[in-house]
Number of protein chains: 2
Amino acid sequence: MNVSRRIFLAEVREQPAALLTLLEQLDVFVAAGRACAARKPSAVRLVGHGSSDAAASYGVYAFGLLPGWTALRDSISLSVYYGAELDFSSSVVIGLSQSGQTPDVVSYVERARERGALTIALTNDPGSALAERAELTLPLEAGEEQSVAASKTFFNELAALALLAGSAAGREDEIWDGLRRTAVVLADAIPELEKAVAPLAMAFAYVGRMYVIGRGYELATAREIALKLTETCRVAAEPLTSTDLAHGPVAALDSMFPVWTIASPDATLPALIDAAKRVREAGATLVACGSAAAEVEGAAWRLPVPEAPVPLLSPLLSVVPGQLFAAALAEAKGLDPDKPERLTKVTLAQ
Amino acid sequence: MNVSRRIFLAEVREQPAALLTLLEQLDVFVAAGRACAARKPSAVRLVGHGSSDAAASYGVYAFGLLPGWTALRDSISLSVYYGAELDFSSSVVIGLSQSGQTPDVVSYVERARERGALTIALTNDPGSALAERAELTLPLEAGEEQSVAASKTFFNELAALALLAGSAAGREDEIWDGLRRTAVVLADAIPELEKAVAPLAMAFAYVGRMYVIGRGYELATAREIALKLTETCRVAAEPLTSTDLAHGPVAALDSMFPVWTIASPDATLPALIDAAKRVREAGATLVACGSAAAEVEGAAWRLPVPEAPVPLLSPLLSVVPGQLFAAALAEAKGLDPDKPERLTKVTLAQ
């Protein structure tokens, strides 16, 4: 086994430790959360690409459920390319970027600040262009991420968004404690999960296309797992909500087109179970991860995780089987997850 | 050729006529647009599934560029499943559903109205549950759509959103006239486009996976074309923005994984051209549709359409080569686009 292929896996394993490092920054998050609340925002606008955009999907739920604010993954092109005259004066803007260099995210944040938004950079590099342009910077504290495929960046972005939203709602102690306990249970669970994904990776070595399905805050998880499978394993893996599946894509399924589902014990679970039933009826192989994986009938493979101490934190646990599976599948296919073809760690695409 | 396989195609051809029928309802749209403007909304929340959700992506740009309002494809699960306590009092809500029966869209609109939003139903059935629950109903006027795969519903949803956003901005005459001229140029263009897609369908008969790439308001087009290819041709076709492509998915491309690009002559075109270059470098076949298709270097196939009379209306033209290609590809594969497997016209999924 090539040592260079192990950076991604090592960074997945580092996630509990990275989270504990982030939690040392509670004061910074509380101050930012209070500044957001003082703004009484009509919208929290989240912008990022790739894994950071997947994390932004989670932010919609963190802000919606904790302070009860409307949050959205905003269109970057509407402002940066088309110059739309939107009112940013009552907005909080959060730019997410591991490197802090993503050009259109930097441009968006710059423009939003000029137009009166409270701007926050969430980045691993406090000296980056993004951090410079934003009014406030929140450290991701993920440590250096050497693998091109992100893992702990996404993981700490989720934690940071939960902590910021909790601080905005005055519930930082509850979220902080939930995150701390999440780090502990995850550290315990990783060795078993690594064993569990190994046979699945062997079975999936020739899979060319997959759907990854989650709903509610697990949509962020679905987006991140699909992205990992696409970039590290060259699988055409598309994320869908459980309801999206029924509105068209189910027609494409067959025995060569497996579906990965993310099952957490919340109010969206019946919709996920309903989607899983459609998958089985189409003759497609069903994988279930998440702490409610046992409730997904007919799953050929189950990758259960411990229940999250706070339901909103479930994605921090349910994403990990997907990351570990991507690492194992890349290895089974002879691919290097640390250096996917045609990708670089810092993407400067327009 | 089986006659039953021709309903989808017939409905694609009916789109210019359906649009002209919609345009007879200008007064209804102007009244609704004025009601929206009177609300001075802090957000326009769009909800729908499948093609209606693709159209919602367009609404983000129509409202952002015409009245300059923040519009978002809202999370249905946040309100309907999780019961988030969001402030809807300064929101306009638009529920999109061909049948007006989509359960969680109806629930969302009902809840939003209770919480003070101005609610608007955009549906083909003014007697539907959605129309009943919403304060205002805008007719889609697409006529009966018999094919399970939607075409003219999506098309008229785009037109309706443009007309509503134009009316909200007091620019209804300009948009109305642009739409009328769009219907005329499209009717002229369809016969040539049908000829142009035929050889492409033959060449793509064995394609299993594709990306469909557009940016800005052409993201809606990309989402709809990808959905058509998925449900009628059983291709795993994923929509991406041109920038998404560079943030991971480009790593999965090879000569068996073609990419369809949508090129319109607006400020996002350089980003699309940059993405197309990455596609070619990966050795993937490149298809370019849209009125700026000629500017996409290295495209193996080009499906140009006439330039839209108003740039924002470009998707009404650029979606059509994708619809016609889906019809032709389904036929080449021996599939029935009118009745995709496991789908029904009215989706009652949770």
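Author: What follows is a walk through part of chain B, beginning with a sheet.

This is a predicted model, in which local features need pLDDT of at least 70, side-chain atom pairs count only at pLDDT 80 or more, and totals for chains, interfaces and linings use all residues. Residues are numbered from 1 along each chain as its sequence is written, while chains are lettered from A and ligands numbered from 1 in the order in which they are written.

In chain B, five strands make an open sheet. Their order is 7-6-8-9-10, and the pairing is parallel. Helices (H or I, at least four residues) and strands (E, at least two) are DSSP runs, numbered from the N terminus. Two strands pair if DSSP finds at least two bridges between them. Strand 7 and strand 10 (301-303) of chain B stand at the edges. Each has a single partner strand, so one side of each has no neighbour in the sheet. On average, neighbouring strands are turned by 20° against each other, direction ignored.

Now take one pair. Strand 6 (residues 209-213) of chain B runs parallel to strand 7 of chain B, and five bridges join them. One bridge partner of Met210(B) lies in strand 7 of chain B: Ala237(B).

Next come two helices. The axes of helix 10 of chain B and helix 13 (residues 314-332) of chain B come within 9 Å and cross at roughly 15°. Axes are lines fitted to C-alpha atoms, for helices over the stretch in contact, and angles run from 0 to 180 degrees between N-to-C directions. The crossing angle makes the two helices roughly parallel (angles under 35 degrees count as roughly parallel, over 145 as roughly antiparallel, 65 to 115 as roughly perpendicular and the rest as oblique).

Residues are in contact if their C-beta atoms, placed from the backbone, lie within 7 Å. Helix 10 of chain B brings residues including Ile225(B) and Leu229(B) to the contact. Helix 13 of chain B brings, among others, Val319(B) and Leu329(B). By class, the contact residues are nine nonpolar, six polar and three charged. Ala, Val, Leu, Ile, Met, Phe, Trp, Tyr, Cys and Pro count as nonpolar, Asp, Glu, Lys and Arg as charged, and the others, Gly among them, as polar.

Helix 10 (218-233) and strand 7 (236-240) of chain B each also supply at least two residues to the side that touches chain A. Helix 12 of chain B gives the most to that side, with five residues.

Methods. Two residues are in contact if their C-beta atoms, placed from the backbone, lie within 7 Å.
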